[in-house]
Structures are given as structure tokens and as C-alpha cells.
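Thanks for coming. I will go through one model and keep to what can be computed from its atoms.

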Amino acid sequence: MQLTINGKNHEVDVDPETPLLWVLRDEVGLTGTKFGCGIAMCGACTVHVNGQPRRSCSLPVKLVDGDITTIEGIGTPDAMNAVQEAWVENQVAQCGFCQSGQIMTAAALLSMNPEPSDDDIDRAMSGNICRCGTYPRIRAAVHAAAAKMRGA
Amino acid sequence: MGKILRRTFLIGSAAVGGGVAIGYWQVTKPYPNPLKSRLKDGETALTPYVIVAKDGVTIVAPRSEMGQGVRTTLAALVAEELDVDLNAIKVINGPASKAYYNSMLMEEAAGQAATDVSAGAERMRNATKVIAKIMGSQATGGSTAIPDAFERMRSAGAAARIVLTKAAAKSLGVSASELTTENGMVIAADGTSIAYTELAGEAANIKPPSNPPLREKSKWRYLGKSLDRLDMVEKCTGTAEYAIDVRLPDMAYATVRVNCHLGAGVKSYDASKAKARADVKKVVPVKNGLAVVSTNTWNAFQAVQDLEIEWEPAPYPVNDADIVASHRAAFDDKPDSQKRKDGDVEAVLAEGDIIETEYLVPYLAHATMEPMNAVAHLRDGKLDLWVGTQSPTRCLDVAKDLTGLDEDDIDIHTMYLGGGFGRRGEIDFVAQAIEVAKAMEGTPIKLVWSREEDMCHDMYRPLTLARFRGAIRDGKPAAFDMHVAASAAAIDAFERQGMNLNMADPTITQNAWDNPYKIDNYRVTGYRAKKALPVGFWRSVGASQNAFFQECATDELANAANADPLQFRLDMLDHEPSRKVLEAVAEMSGWGGALPEGRARGIAYYLSFGVPVAEVIEIVDTGAGLKVDKAFVAADVGLALDPRNIEAQLQSGVIYGLTAAIQGAITIEDGVVKQKNFNEYDAMRMYQAPSIDVRILENGPHITGVGEPGLPPAAPALANAIFALSGKRIRELPLNNSIAFI
């Protein structure tokens, strides 16, 4: 099976029912995308397929119908994406395990809505659980990223 | 030997040593530096916390980074005295070792009242440090990392700096007193400078001083300031490595199915269907269940469902009603503890109006974002273990027990923890990974639990019942009588470590008995309920439920006295740090000021882990359910090392506490935990989360940790706000069983 992940082609040999999450993590070796629940309830596994946020834990790889972007694909420690920069500036992460998913959801929101209101943020981000309760800083970071991206 | 014998005398051996004579010399002698046997060529371990090599300086921060920012603050403690740039050094968790024992672990068990700073109380606190040292437990929990490390890790930095200065003096041929240090360099009077990294060889032969002088607070460069967390960029780019992310060549993937009748075993099983799968490499019996080894995590998750297993029945009552009844029956037994008995509550309660209430809180799961997992590799008589653990030395113990290997042949790699909250102090999942690695010797094994396995196999926050009676006389609180029944979280947790403590369980009335409210007749009694589900340490432990009981009861008394809930509390407090947090939160929240229709505030105060915290919760009735709109937190930490991080921890405690208060419940059906995943045991989400204003005060006498104390007041402040809004007094958690939330 052919997949395009972060702009690169990958050939994988798996049961086509395998959720994309496990293909990314165990087969391709991209472990930035996290396993939290396996039933699309927590958002830790969020990636983009054709720019849309998808819960990779519940998306059989055979149904992937476009280019995949993971947290590793939107920025790196030396060249962070604006959303990642805003996250760092606001010191959002605590345990950090949910933050790949939070950032991917926020990045998708901002690509569609460059100036989200608090309600827009609530709607977009409420599928992502953070057990450390970083929500106040996530909200601040989404607004900061939006401002950064509008200014850029 | 003769000299040692002459100097030996016994201390507390019966209490902690199980009859083993503990010599004074063993207590005072430092543990050997665990880094020494692990150094690479050219590296020198100046202390157990500082490694210097040609290519850089490394600081060991031996507490588990589970979100609380401890790695950064601990590194800052060393860097402050060592004179290195925090961003130019490497920070590691280091090996598992008794040298990194947590000196604060037994303080709570010793039972000094939080407000008691008398010489005797301080002496007892110091005595518990000796016991903690003998126990040698490298554990993260109990909001202890900062108080434990505050002097210890600054001393390690200072000692290392002195060694480096002496080494430079030797190589320059000058006196050490002529030298200064700055940014990783020793600098001579004439301006000549030598980098620490050039001094590794010379420094190896110099003994570090044991009690180096420490810098005045006014000279601090890092401490007391908000620092950028060292783990932040990694955690925002998907590059932080948790145990679940470890990848090794030829690694196999495992998962388990363990009896959901917790503590019971496997009666029989048929693995033929699972074994027939092409992807299955092995089926391995583990404690109370079976593991399957496969080619990836998903296949392992599928294959384990193909096992046909007949389970032993639950060794406890199989439904909630019977478990609650067994807890209620505990009130008829002899008390487990009665640590507060002021005046004569019975005499006051015998006459006139009294308030009599019962409160109930359910079991709670920890539900860390990262499900339990570990990676184990046993080969050539060596075991490597990669694990997100709150207790590396306990992992070492279980590894020794299960493999029979010597400590030197076991390496515990403590990874970032995707949440801990007390759950990762347990080693059930670690033991499973080792068992599978033994059965698959030579193959690295990554063992990952499904979320369902994780939620149904926890060591839960105890279900707890409280009975309260109180009285107001002449408009003032005259009697406060709290009875709490729970199973013994601390005793159970120690028992799982093979330690049997013949004592009252300190968690049952934790921080309730030493509440500083002054009421002439005040009694707090704990009762030990029969074991049902396994229970353990859940963020803030006994304080999580005892704050709910105490602060709701206090509100009921205030209401009976027609008093303002804030003033009512202030009138009972002569503990200054506690008064100040209440005054601060009142000012922050506009306490007493008018609110629009459909809004109300509630207040609560609790002193846990040495930190007095007051919280005000403001709720709004949206028409579609209640929303927690605003939270205000004032906490006295004694000394704030990193204000922005402390703010994050207090906010985190509020959200964790509100999640539990509003919707958290683990219930039992047919002996099995009913909630399997986040659809049935949800967490507070963004649209439900309040804004949270935090104020940090520093009036208390001790430096404290804040991973937990922000949590306990959240539930009662919310319940009290609901009473203020609706007149409805809810005495059972979760609140959404009684009232709707958005």
C-alpha cells in the first residue's frame, strides 16, 4: 500500500483494516502522533488528511484518501510552525502527551479560520482531551498563533 | 570492623527494619554515587547530580517529569549554584538508584500537623527523613520533589563548583580563593578562564565538600523566576520520547488481558485461536492474565481478544450498592484513627439543633493520557527497561525479583510520563513487560495496554463515605464531628510493595484532622472499610475527598449561622498564611459583590501538602445546564521557585478536580469496572473549562510542592456555588448525577 506522509512516499505492508495511527507509529516509525483511546474520543492521534483533521486511531488505512501530515510534518525543533511557536511562547505543555493532537487540531482550525473567536476555539478544540488541564493556555496559544499567522 | 561496631547504635529498627539492625553509620553514610559505574571515557561524576565531560555538562534531575515541570526546576537548583547556563547543558533523569531517595516520603505518615512548626514537630519531620533514606525509594509524588530537592540539589551544584574551582586552581597554580565562576567557566584574577569541560580529568580526583555554603536568595539568577521549560519544544514538536515511543531493532509488540475481577486469577484458557493467527509470536501467562506478542500494537490488540479465558470470580462485592453498604458498616467497627479530639463534641451535640449529613464520593480512575506501557529487553544476562514510572527504584526491585539479575545488570531508563497522577507509582504493567521479555529472551518487547485495559485495571481513588454532625451555638460554630470511612489507600499501596505497615492509614483522614479551623469541640475519626477494588494514590490522595466533606460541611454550618461563608471561615482561623489566601481569593473574585441573575459563587479552603489554598468558583446557569465560568485560586507555597510553572500546576489541579467533581465515577457491575473508555469516563473539555486566575503567596514557613494542593478545594467550591445559586445541597459526587452541566 502506498501512502504519502509529510510529503514522502511510503510503501507499507499491513492488514488494510489497521488504523492509520498504528501504521504511522509502528510501521513507519513516526511516533509524534499519540495513542490515547482508540475510539476517536480524546484527539491525541489527530493528523491531517488533505489538510483536514482526522482521528488516525479510528481511520482504517485502506480508507486514507489523500496526503497525510503529522506533527513531524508541520515543523521541527529548529524550524517550528507558527502554532508550535505560540505553544512554546505560552508554555502550554505539561505532560505533553496530548499536545501533538492539540496542535494538529489548532493548525487545521487556523487554516480554515484565521481569526477564531473563543466559541470557534471551543467548537474546534473540544474533541481533544488534556488531563493536565492546559486549556487556558491552549486558548491563549491559539489566539497568539492566529495573530502571528495574520501578521506573517 | 571494630571501629564500626563501637560506633553503632540502633535507631528505630523495629519500626522500619523488620528486625534488621540499622547502624548509625549506615544512616549517615551517603549512598554511593550511582553514576560512577556508568560513566563513559572522559566523563567525571562530581556528585550524583553533575557529570562533566569534554563535550559538556550534564545535570541529573532524578524525579519523574510527568507534566509538573520538575525537570526544569530541579536542573535550575543545580545550575544556580554550579554557575552554568541552563540552556547550554544537558539534563537527564539518570539511573534508578537509592542515592536519589525521596527524603520527604514518610513525612505525611509521621503525622505532624501542617501548622505545627514547633521544635518537636520539626525534629519528627527530620526523623522521617532518616527512615526515608533507609527505605531508599526514588519516588515522585506527594508534592515532595521541590521540598526534597531545595537544599540537596543546590548543595550538589555548589559542591561541584567547589571541586571545579579547586581543579582549576591546581592547573593554574593559584589559590582557589582567587578564582570565580561564571557560565560554565572558572575565571582567574588576571582574566584567564578555563571551561568546566576542560577540568573533568583533574576534578575526578577531588573529593566534593559535604556541606558547601549556599547563595543568598538575593543573588539568585534562575530561582524565583519563570523559566522556559526544558521539555517544551520537544513536547510541541512530537519529538519528546515517552516509553510508548521507544523503538528498538527487531522489537515485538505485546498487550495483555488481565482479569477484570481485580486481584483474581485465570481459571483456564484456550489460546488456540490466537496462536493460529499468522502475526502471533507467543502467548505468555502474566499475573492474573495473559499477554500476546505480535508484529504491531494493533495486531496484538486484535489477537488478545481471540483468547478464550475463564476467569476466577471477584474477591469483593460485585456491585456498587454492596460496596457502599460494606463501607457504611465500617462506621460500626473500631475506628482506624482519631487524630483530632478537641473538647467534647458529644456534649454539644446532645442538646439543641444539630446538622447531620452524609457525603459519598465514588472510586476514580487516574486516566493518564498515555496508557500504561513499558519496553523491556532481556538478553545476555542484562535487562534494559524503558518506562514512564514515578518510582524507578521500585521498577528495579521488581526487575531483580523477576529476573534474578544483579542490580548492576539492570538499567532502568525513566522516560517522560504521559501523565502520572499517582498511577505510575505502581509496577503491575512493568512486571508484565518483564515477564514477556523473559519468555521472549533476546527480543525487545514493547507492551502497551489498550485504554479499556487501563481504565478497568487501576488502583483507584477510594470510594469514601463521610458522616458529619455539627452545631451552631449563639451564631458561632460549636461542634464539628467528621467520621470518614474508606479502604486504606496507603496501607494497600505499601502492601503491594511487600511492606506491611501495622498502623492507622494516614490517607483516610488526610489533612482533615489537622485543618486549622478553631472550634472548641472538634473531632475527626477514620474508619477502615473492607477491601473492595484495589485503591492507591490518586492526585492529592485523601485530601481530594476530605476537602469535599470538610468544606461542604463548613458551608452548611455557615448557612445555619446565617454567616457569610468567607467571613465564617476567617473567624475560625488564626493561621496567617491561611487567612491571607482567603483574603486574596475574595479580592480576586469580587467576593460579596453583586452578580447577574443566574450566576453564583462558592468558596472553599483546604490546607494539603503544607499548602493552604483558597478557591472561588463562579458558575452560570446557561439554561442548557450549569457552566463553571471562572475559577480563582490563591495558594501559599512558602517560596515560589518558578511562578509561571506554579500557576500551571494550580490550574491543572483545578481542572483535574473539577473533572472529578462534575462527572468522575468508576462504578462496578458484576464485579467489573463499568467505565471502559473516555466515552464513559470523560475529562473536562475546552468548552467546559473555566478561566482560572491564580495568585501565589509566600507567607508560609516551608518551601512546598504544588502538584496536588490546587485540586482539593475545587469540588467543594463548586458544590457550594451550586447551593448559592439554587439552594440545592448536593452531598454526593459526581455532581452531574444530581444536576445538569453543559
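Which residues of chain B are linked in a network of salt bridges? They are B:E551, B:D555, B:E556, B:R569, B:R729 and B:R731. A salt bridge here is a side-chain nitrogen of Lys or Arg within 4 Å of a carboxyl oxygen of Asp or Glu.

Before going on, the conventions. This is a predicted model, in which local features need pLDDT of at least 70 and side-chain atom pairs count only at pLDDT 80 or more, while totals for chains, interfaces and linings use all residues. Residues are numbered from 1 along each chain as its sequence is written, chains are lettered from A and ligands numbered from 1 in the order in which they are written, and side-chain values use heavy atoms, with hydrogens and water left out.

Staying with charge pairs: over all chains, the structure holds 60 salt bridges.

Helices (H or I, at least four residues) and strands (E, at least two) are DSSP runs, numbered from the N terminus. On accessibility, B:K273 is partly exposed at 48%, and B:D306 is buried at 15%. The cut-offs on relative accessible area are under 20% for buried, over 50% for exposed, and partly exposed in between, with a 1.4 Å probe and protein chains only.

Next, B:K518 and B:D574 meet at 4.0 Å, N to O. Both ends are in loops: B:K518 between α17 (489–496) and β21 (521–528), B:D574 between α19 (565–570) and α20 (576–589), so the pair ties together parts that are 56 residues apart in sequence. B:K518 is exposed, at 52%, and B:D574 is exposed with a relative accessible area of 52%.

Then B:R599 and B:D629, with the closest N and O atoms 2.9 Å apart. Here the pair links strand β22 (residues 599–608), which holds B:R599, to strand β24 (residues 626–636), which holds B:D629, 30 residues apart. B:R599 is partly exposed at 24%.

Now the interface. How many residues of chain B are in contact with chain A? There are 62, against 53 residues of chain A, where contact means heavy atoms within 4.5 Å. The area buried between the two chains is about 4600 Å², and carbon and sulfur atoms give 61% of it. Buried area is the accessible area (1.4 Å probe) that two parts lose on being put together, summed over both. B:W298, B:M369 and B:M686 supply 19% of what chain B buries against chain A, more than any other three residues.

Three salt bridges cross this interface. One of them joins B:D245 to A:K34, with the closest N and O atoms 2.5 Å apart. On the side of chain B that touches chain A, α21(B) gives the largest share, nine residues. That side divides into 31 nonpolar, 17 polar and 14 charged residues. The classes are Ala, Val, Leu, Ile, Met, Phe, Trp, Tyr, Cys and Pro as nonpolar, Asp, Glu, Lys and Arg as charged, and the others, Gly among them, as polar.

Over to chain A. β1(A) pairs in the antiparallel sense with strand β2 (residues 8–11) over four bridges; two strands pair if DSSP finds at least two bridges between them. A:K8 is the bridge partner of A:I5. The hairpin has two residues between the strands, and A:N6 takes a positive phi near 50 degrees.

Last, some backbone items in chain B. B:D83, not a glycine, has a positive phi of about 65 degrees. B:D83 is in the loop between α4 (70–82) and β4 (90–92) and is buried at 10%. B:N183 has a positive phi near 45 degrees, lies in the loop between β5 (180–182) and β6 (185–187), and is partly exposed at 42%. Finally, a cis peptide bond joins B:L733 and B:P734, with omega about 0 degrees; B:P734 is in the segment after α22 (714–726).
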